[in-house]
Amino acid sequence: MGKGKKLAVFDLDGTLFDTKDVNFRAYSMAIRECGYQADIDYKYYCDFCNGNNYKTFLPVLIPEITPEGMQAIHDAKKRLYASYLKYAVKNESLFSLIESIRGEYAIALVTTASEKNVDDILKEFRAAEKFDIIITQEDVINCKPAPECFLLAMERAGVMAENTIIFEDSETGLEAAKASGANYVRVYGYN
């Protein structure tokens, strides 16, 4: 994909798809399944949890949680996620944009979501073939707001930051996009 090529990078949650209801329902059920009594307020979840790594928000929701407890909830959430995909809303405008720039741009999906949940939603919406590069939480050590995920996409595409544009919705994602040195656009309406 050489240095002359351009790269367009798209976040998943809140950008390509509105998944707040999917994630909220899956995490709520996972927390109950794992025996915790914490009730998650929907607005709080949407404002402070959705789009962030579970290691960031689960200790706030469940102060007594252990690392093993967080992992158990996350594993249960990944398993439950597909059963709530009927609540996801596809950002048709961005998918149209992807189609219109294909050929001029390499297309990457970069997310803090798990590989399993990315596979689940892309399969549900028959969208996996839209992306030349897919980077999930398992591909990086430091999740957003660190720019590692975006830098990895640029490296895999062989594209410099000045030839990259990132589409993001969250403050955390925008912070990572800015730190990567790429151009970026904030997406509204899907989070």
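**View 1. Phenylalanine 48 on helix H2.** Phenylalanine 48 is part of helix H2. The model shown here, as in every view below, is predicted. The relative accessible area of phenylalanine 48 is 51%. Exposed means over 50%, so phenylalanine 48 counts as exposed. Phe48 also belongs to a nonpolar surface patch, together with Tyr44 and Val60. The three residues present about 290 Å² of accessible area together.

View 2. Helix H2 covers residues 42-49, and its buried residues are Tyr45, Cys46 and Cys49. Seen down the axis of H2, these residues fall within an arc of 120°, so they line one face of the helix. They pack against two helices, H1 (20-33) and H3 (54-61). Lys43 and Phe48 are exposed on the other side of H2.

**View 3. Lysine 43 and the ends of helix H2.** Lysine 43 sits in helix H2. Its relative accessible area is 54%, which makes lysine 43 exposed. At the start of H2, the backbone nitrogen of lysine 43 has a side-chain oxygen of aspartate 41 within 3.3 Å. Phenylalanine 24 is 19 residues away from lysine 43 in sequence. The C-alpha to C-alpha separation of lysine 43 and phenylalanine 24 is 9.9 Å. Just after H2 comes glycine 51, with a positive phi of about 90°.

**View 4. Salt bridge between lysine 6 and glutamate 104.** The structure holds 11 salt bridges. In one of them, the side chains of lysine 6 and glutamate 104 meet at 3.0 Å, N to O. Lysine 6 lies in strand S1 (residues 6-10), and glutamate 104 lies in the loop between helix H5 (92-101) and strand S4 (105-110), so the pair ties together parts that are 98 residues apart in sequence. Lysine 6 is partly exposed, at 29% relative accessible area. Glutamate 104 is also partly exposed, at 45% relative accessibility.

View 5. Aspartate 120 and lysine 116 form a salt bridge through their side chains, at 3.1 Å, N to O. Both residues lie in helix H6 (residues 115-124). They are four residues apart, about one turn of the helix. Lysine 116 is partly exposed, with a value of 37%.

**View 6. Asparagine 117, buried in helix H6.** Asparagine 117 is placed in helix H6. The residue is buried, with a relative accessible area of 1%. A polar atom of its side chain lies 3.0 Å from the backbone oxygen of lysine 78. Which residues does asparagine 117 contact, leaving aside neighbours within four places in sequence? They are Lys77, Lys78 and Tyr81.

**View 7. Salt bridge between arginine 186 and glutamate 171.** Arginine 186 and glutamate 171 form a salt bridge, with the closest N and O atoms 2.7 Å apart. Arginine 186 is partly exposed, at 31% relative accessibility. Glutamate 171 is exposed, at 52%.

**View 8. The buried residues of helix H8.** Which residues of H8 are buried? They are Thr172, Gly173, Leu174, Ala176, Ala177 and Ser180. These buried residues pack against helix H7 (148-157), strand S6 (164-168) and S7. After H8 comes glycine 181, whose phi is positive, near 85°.

Technical notes. Residues numbered from 1 in each chain as written. Predicted model: local features only at pLDDT ≥ 70, side-chain atom pairs only at ≥ 80, totals over all residues. Heavy atoms only, no water. Buried < 20%, exposed > 50% of the residue type's maximum accessible area, 1.4 Å probe, protein only. Arc of directions from axis to C-beta. Contact = heavy atoms within 4.5 Å. Polar contact = N/O pair within 3.5 Å; in protein donor to acceptor, adjacent residues only side chain to side chain. Patch = residues over 30% accessible without salt bridge, like charges linked within 9 Å, V, L, I, M, F, W, Y side chains within 5 Å. Areas by Shrake-Rupley, 256 points an atom, 1.4 Å probe, with all protein chains shown as cover. Salt bridge = Lys/Arg side-chain N within 4 Å of Asp/Glu carboxyl O.
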